[in-house]
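Please examine the following structure together with its sequence. The dialogue takes up how its features may be read.

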Amino acid sequence: MTSLVTSFVAGLRRTTDRWLFRIGAPEPGPIRLGQRRIYVLPSAAGIGFAVALLVMLLAAINYNLSLGYALVFTLGGSAAASMLHAFRNLYGLSIRPGRCAPVFAGDTAVFHLLIDNPAPRRRPALRLGAHGHWSVFELPAAQETAAALACPAPRRGRLALGRSVLETRWPLGLIRAWSVFVPDAECLVLPAPEPDPPPLPLDAGGDAHGGRRTREGDNDFAGLRAHRSADSPRHVAWKVLARGGPMLTKEFSSGRGRELLLDWERLPPGLDDERRLSRLVAWVIAAERAGLRYALVLPGVRVPAANGGAHHARCLRLLALHGLADAAMEDEA
């Protein structure tokens, strides 16, 4: 029942946005805030102020107070002037979507919108909001400023900034001027990496659990690291432990020319899709940090062995969009 109500409210809001604010699909930048895109209404404080003025006016009429009339009309004129100032605080601004760095599921995505103020006056007390979160900032005169907006990213895939609001209540807080728009801005949300993954499958013929199958002489000792529960007992640094030290695991560097095969089908069958993606993300990050060449194999997709920033970004993007409707749009060559 709750989901039906939520869907109905969301559909009603989209219909209202299309009819009242004339918005729908994401708009390419720059989005210019002209006269038809800015809406002005009294705020809650403004409504209270208007009620107070009405009471003061009735008292002035009842007691025939000349100074009461002067005070009421002076305050009313100030409120009317604030309406113009609030409108001019938004008028003429141009908005372009900026870059949003990829984040892991469960983290916070930070969107950047580039807002250009062409006027030779500053624009104070601006608020940018989306997904129920707000950011307060001001624009210097004749400058472009990047406004940051933090939004939660609970699930992997593409997170669109969606319906956004830029508003101001400057200078008196009595009038709210705002504009609604949908910038073409999105963030790539990666699967959260497995916290304590098994060691990298340094042999292409490694077992389904990602364990190493090494032969004596294939690897060189590279150092020690903290022990993990999935580490083989024969790699434990027993001499360090016997001297009263912590339990550590020996790490070995692979031989020259070795490549990693990160294969979806070689993972344990008991893992569901999301846990498989989390493990593969953890392995991709670990392999890139170690400077190793690695290939990624997903159902219907095979990425040849390589390393470097472009290869790393491509593998993470494929893992983030695996099984989603828009994954088919990615380059899987």
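Predicted model: local features only at pLDDT ≥ 70, side-chain atom pairs only at ≥ 80, totals over all residues.

Q: Which residues have the most contacts inside the largest nonpolar core?
A: A nonpolar core is a set of buried (under 20% relative accessible area, 1.4 Å probe, protein chains only) Ala, Val, Leu, Ile, Met, Phe, Trp, Tyr and Cys residues joined through side-chain atoms within 4.5 Å. Here the largest has 34 residues, and Phe111 and Leu166 have the most contacts inside it. Elements that each supply at least two of its residues include α3 (66-90) and β5 (108-116); helices (H or I, at least four residues) and strands (E, at least two) are DSSP runs, numbered from the N terminus.

Q: How many aromatic pairs does the structure hold?
A: Rings of Phe, Tyr and Trp (its six-membered ring) pair if their centres lie within 6.5 Å; planes under 30 degrees apart count as stacked, over 60 as edge-to-face and the rest as tilted. The structure holds two such pairs. Tyr39 and Trp178 form a tilted one, with 5.8 Å centre to centre and 35° between the planes. Tyr39 lies in strand β2 (residues 39-42) and Trp178 in strand β11, so this pair ties together parts 139 residues apart in sequence. The ring planes of Phe87 and Tyr91 are at 25°, with centres 5.6 Å apart, so that pair is stacked.

Q: Is Trp178 buried or exposed?
A: Trp178 is buried, at a relative accessible area of 11%.

How values were computed. Residues numbered from 1 in each chain as written. Heavy atoms only, no water. Buried < 20%, exposed > 50% of the residue type's maximum accessible area, 1.4 Å probe, protein only.
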